[in-house]
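Hi,

Here is the structure I said I would pass on. Have a look at it first, and then read my notes below.

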Amino acid sequence: MTVKSIGEYPVLPRDVQENFHGNIFVVVGWDKHMMISSPMAFPLPPDMPFGALVQEVMPAAFAPHPDWAKIDWDKVEWMLDGEPFTPDFDKSLADNGVGHKSVIRFRTPGLDGIAGVGI
Amino acid sequence: MARRMSLAERYKLMTRLDWEPTYQPREKVFPQATYEGIKVRNWDDWEDPFRMTMDAYWKYQGEKEKKLYAIMDAFAQNNGHLNLTDARYVNALKLFLQGVSPLEYQAHRGFARQARQFPGAGASIACHMQSLDELRHTQTQIHTLSHYNKYFDGFHDFTKWHDRVWYLSVPKSFFDDANTAGPFEFILAVGFAFEFVLTNLLFVPFMSGAAYNGDMSTVTFGFSAQSDESRHMTLGLQAVKFMLEQHEDNVPIVQEWIDKWLWRGYRVLSLVAAMQDYMLPESPMSWKEAWEIYFEENGGALFRDLERYGIKMPWYVDVCTFEKDHLSHQVWGILYNHTAAAAFHTWVPDERKMDWLSAKYPDTFDKYYRPRLEYWRELQEKGERYYCQTLPLICQTCQIPMGFTEKDDPMQVSYRSSVYNGERYHFCSDACKWIFDHEPEKFVHAWLPPQQIFQGNCGGATLEDVLKWYNIQPGDNLDYVGSPDEQRWKQWKGLEDTPAREAAE
């Protein structure tokens, strides 16, 4: 489907990777932990190691949740852009397949949020 | 002697003054009239929804203005703000001035465009009048709320905030979308979907909220806008019926616009839902109740009426039905998370309000939302009030931070996405994705606050940089508890427990 217009309609996407000063726009969401009300967005260098994302970037968003300190990282289940995913913490985001506007979701089975209902 | 004209003849002589252009072809004089695909066989079939000539217009509007401004003066002279139930209520007014009043101005501009572009004389005149009405609403709202600016934070730079601040891109993008659409889509979007179908869901929460919380100034604004709104409703309804009756080819186009714009309007109203359930110390009606009356019942009746044209209820209505038990709580949670960057306060509701919420939302509040609020209260009591330090992913279409959930899994955020020209885009719902997929060329231009901040277009990389660029000043943001608004309120009402007071006792 297409927008109706008089004459040609300019298509100038505002959020292409080139606009982010060498970074990619990466989203991380913690499933069933709704105290943190939304998945969070970060501008990150594509060559950042995945482990650095987890250890240095994600705490700013997720550490306030009481479950964060209890996470066993070996048991975490990951999804990347809608598909199950096993990250290599030593490889870069790019080498893990994380691209511009990628969405990473993680689940922590057994840690079910406040009151155990996904909050 | 000539016989006296009938009212109908008099009205026609005053309004049907257009002519067939001869210096330029009609298509050049009205360049926006056909590109949307809407076919009009005969503009003479347009029935004026209200038959008001300018003498009547000025007379009624003038009478209303005299009364309105006299009441505003009296309110100011008598410090009417001191009769509010509580200063928390004022945050509803901040949201109104920041989010709604600029839309009145956008509507004023939009209807002026309509008046110019519609070939039919009756339609043009009705749009001219609505354009004037909307400018009037902009100004009466600014006048009414300027009183509060003298005593409360969160009012002082509403125009800049509307252009720049993250949560205000939600209402702004709604009207930017409408104003860049063609004239037929605009009148369907604003005149029909918003001003007819959804209007009570905006008006009633704010105006009855004002009445229940001692805000006679805003109540009076509401009364003075009512007769304007009834004209707007009839214009919107007439516009949709005209389109549907003029040509059967218009029906699928109108259906698609109804589906798009009821959803866009519904998403904007989620801010009102949170206001209605959480910001009003005395709350006459919950969002859920309002949705049931104004959409499920009234809207249901309307769509039964439109069935004879082949129009159906929007396809996603089951999502709205599910969301009515969750919407206000989810949006309040988003606003609570990000209050450090907002020009209004949020807070954990007191026990009385939580019990009201339990009663109004028996299936969801105690299970899914009270535990979070109580946890936040514990943090606050420890001096660790939770503020989110990072930026959310927002929906490409409605621009609300992701946080709406799945029908069969109420604590699972809904993730939807599309790829267009090699770029990924994210949405909060099937309907927002559907809207994007129908006009991707338009929505890739969206000015999304988190992305813009990361691109360096919002004053810098830190919260302090961005707040400066927003012109959100100390006192505008953060929790109500501990705010200058709260301190002043306690002082005026003699509620403060100051050290001096305790010492005297």
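Before you start, a helix here is a DSSP run of H or I with at least four residues, and helices are numbered from the N terminus. Also keep in mind that this is a predicted model.

Let's begin with one helix, α17(B). Which residues of α17(B) are buried? They are Phe365(B), Tyr368(B), Tyr369(B), Arg370(B), Arg372(B), Leu373(B) and Trp376(B). The cover over them includes α15, α16 (351-360) and β3 of chain B.

Chain B puts 45 residues into the contact and chain A puts in 40. On the chain B side, the elements that give two or more residues include α15 (327-337), α17 (365-381), β3 (409-413) and α18 (430-438). The largest share of that side comes from α17(B), with 5 residues. By type, the chain B side splits into 22 nonpolar, 14 polar and 9 charged residues.

The chains also meet through strands. β2 of chain A (residues 40-44) pairs with β1(B) in the antiparallel sense, over 2 bridges.

Now zoom out to chain B as a whole. You can count 23 helices and 5 strands in chain B. Its C-alpha atoms fill a box of roughly 90 × 60 × 45 Å along the principal axes. A compact globule of 505 residues would have a radius of gyration near 23 Å, and chain B agrees with this because its value is 24 Å. Of those 505 residues, 47% count as buried. Looking at contacts in chain B with a separation of 6 or more, 79% of them are between residues 24 or more positions apart.

Last, a helix pair. How do α3(B) and α11(B) cross? Their axes come within 9 Å and cross at roughly 175 degrees, for α3 (residues 54-77) and α11 (residues 216-246) of chain B. Angles over 145 degrees count as roughly antiparallel, so that is how these two helices run relative to each other. Where they meet, α3(B) brings residues including Tyr60(B), Leu68(B) and Phe75(B), while α11(B) brings residues including Met216(B), Phe221(B) and Ser227(B). That contact has 7 nonpolar, 4 polar and 1 charged residues.

Cheers

How values were computed: Residues are numbered from 1 along each chain as its sequence is written. Chains are lettered from A and ligands numbered from 1 in the order in which they are written. This is a predicted model: local features need pLDDT of at least 70, side-chain atom pairs count only at pLDDT 80 or more; totals for chains, interfaces and linings use all residues. Two residues are in contact if their C-beta atoms, placed from the backbone, lie within 7 Å. Ala, Val, Leu, Ile, Met, Phe, Trp, Tyr, Cys and Pro count as nonpolar, Asp, Glu, Lys and Arg as charged, and the others, Gly among them, as polar. Two strands pair if DSSP finds at least two bridges between them. A residue is buried if 20 or more other C-beta atoms lie within 10 Å of its own, exposed if 12 or fewer, and partly exposed in between; C-beta atoms are placed from the backbone. The radius of gyration is taken over C-alpha atoms; the globule rule is 2.2 Å times the number of residues to the power 0.38. Axes are lines fitted to C-alpha atoms, for helices over the stretch in contact, and angles run from 0 to 180 degrees between N-to-C directions. Angles under 35 degrees count as roughly parallel, over 145 as roughly antiparallel, 65 to 115 as roughly perpendicular and the rest as oblique.
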